Amino acid sequence: MGCENSKMEKCEKKDKSAEAIESNEVAHPHMEEESEPLTVSPRQKELILENWQLLVDNISNVGVITFMNLFETHPDVQDVFMPFKGLSQEELRHSKELRAHGLRVMGFVQKVVARLDEPEKSEQLLKELGKNHVMYGAKIDYVDLIGPQFVYAVKPSLKEHWNDEVEEAWIQLFKYMASIMKAAMLETNNCQEKNSTKS
């Protein structure tokens with residue numbers, strides 16, 4: 001499922017001015033209607049980096065809790081993950097696959113956190129992840145669901161370090177991540193649609 005590599009490359013190398021014209025002609029419901037791209041402020045970066053150090057020892061549990069809550073509140077998302085489809089909450093709690101997946105996702109968050117002062121690198125990582133999620137069959141709307149579940153999962157671990165400013169920093173980080181991923185997913189979907197109409 002997905003564009004062939006050669007077709008994908010042609011789609012990605014498309015003339016930027018034509019891309020800008022197309023984006024103005026067709027408003028897409030998944031795109032954020034903001035003139036300024038989402039960013040994380042210097043103060044928010046500082047808070048995220050401080051808090052991440054406190055989370056590292058407990059990060060696999062944070063990953064499991066994040067996904068268990070996601071699947072509990074959005075069962076349709078669980079159905080997209082074939083290894084977890086149909087599993088009960090109890091089975092998920094003891095699933096080695098879920099722990100491994102949660103750890104991979106937390107590892108990715110760690111990569112983004114480590115590159116907060118290198119936006120080009122973090123954006124490249126996020127674009128690749130967005131494209132990969134199209135191949136997995138994930139819906140664009142699903143990307144927005146992880147942030148709130150992550151915040152719910154980390155809050156108990158941070159205890160006395162938690163406050164409204166810290167919460168806002170993490171929410172902003174996930175909004176930033178989601179905005180880049182969703183743009184890449186939309187671009188990949190458009191590429192696939194164009195290639196399928198040509199063939």
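**Close-up 1. Helix H3 and its buried residues.** In H3 of this predicted model, the buried residues are Gln44, Lys45, Leu47, Ile48, Asn51, Trp52 and Leu55. They sit on the same side of H3, because they cover an arc of only 165° around the axis. Look at the face turned away from that buried side of H3. It carries the exposed residues Pro42 and Gln53. Now check the length of the helix. H3 has 14 residues, and at 1.5 Å a residue they should span 20 Å. The end C-alpha atoms of H3 are 20 Å apart, which agrees.

Close-up 2. How accessible is each partner? Glutamate 46 is partly exposed, with a relative accessible area of 39%. Arginine 43 is partly exposed as well, with a relative accessible area of 37%.

Close-up 3. Glutamate 90 has 45% relative accessibility and counts as partly exposed. Arginine 93 has 42% relative accessibility and is partly exposed too.

Close-up 4. Lysine 131 and glutamate 128 join their side chains in a salt bridge, with 4.0 Å from N to O. Both lie in helix H8. They are three residues apart, about one turn of the helix. Is lysine 131 buried or exposed? At 15% relative accessibility, lysine 131 counts as buried, because buried means under 20%. Glutamate 128, at 37%, counts as partly exposed. Elsewhere, salt bridges that share partners join Arg43, Glu46 and Glu165 into one network. A search of the whole structure finds seven salt bridges.

**Close-up 5. The second largest pocket.** The second largest pocket has a volume of about 730 Å³. Its lining is made of 26 residues. Which of them are closest to the centre of this pocket? They are Phe67, Phe81, His101, Val105 and His133. Several helices give two or more residues to the lining: H4 (59–73), H5 (75–80), H7 (96–114), H8 (119–136) and H10 (164–198). Which element gives the most? H7 does, with six residues.

**Close-up 6. Valine 112 in helix H7.** Valine 112 has its place in helix H7. Is this residue buried or exposed? Valine 112 is buried, with a relative accessible area of 0%. Now find glutamate 123 in the view. Valine 112 and glutamate 123 are 11 residues apart in sequence. In space, the two are 8.5 Å apart, C-alpha to C-alpha.

Terms used:
Residues are numbered from 1 along each chain as its sequence is written. This is a predicted model: local features need pLDDT of at least 70, side-chain atom pairs count only at pLDDT 80 or more; totals for chains, interfaces and linings use all residues. Side-chain values use heavy atoms; hydrogens and water are left out. On a 1 Å grid over the protein atoms alone, a cavity is a set of points where a 1.4 Å probe fits but cannot get out, and a pocket is an open set with protein on both sides within 12 Å along at least five of seven lines; lining residues have an atom within 4 Å of a point. Grid points are joined across faces, edges and corners, and a volume is the space filled by probe spheres set on the points. Helices (H or I, at least four residues) and strands (E, at least two) are DSSP runs, numbered from the N terminus. Buried means under 20% relative accessible area, exposed over 50%, partly exposed in between (1.4 Å probe, protein chains only). The expected span of a helix is 1.5 Å times one less than its number of residues. The arc is that of the directions from the helix axis to the C-beta atoms.
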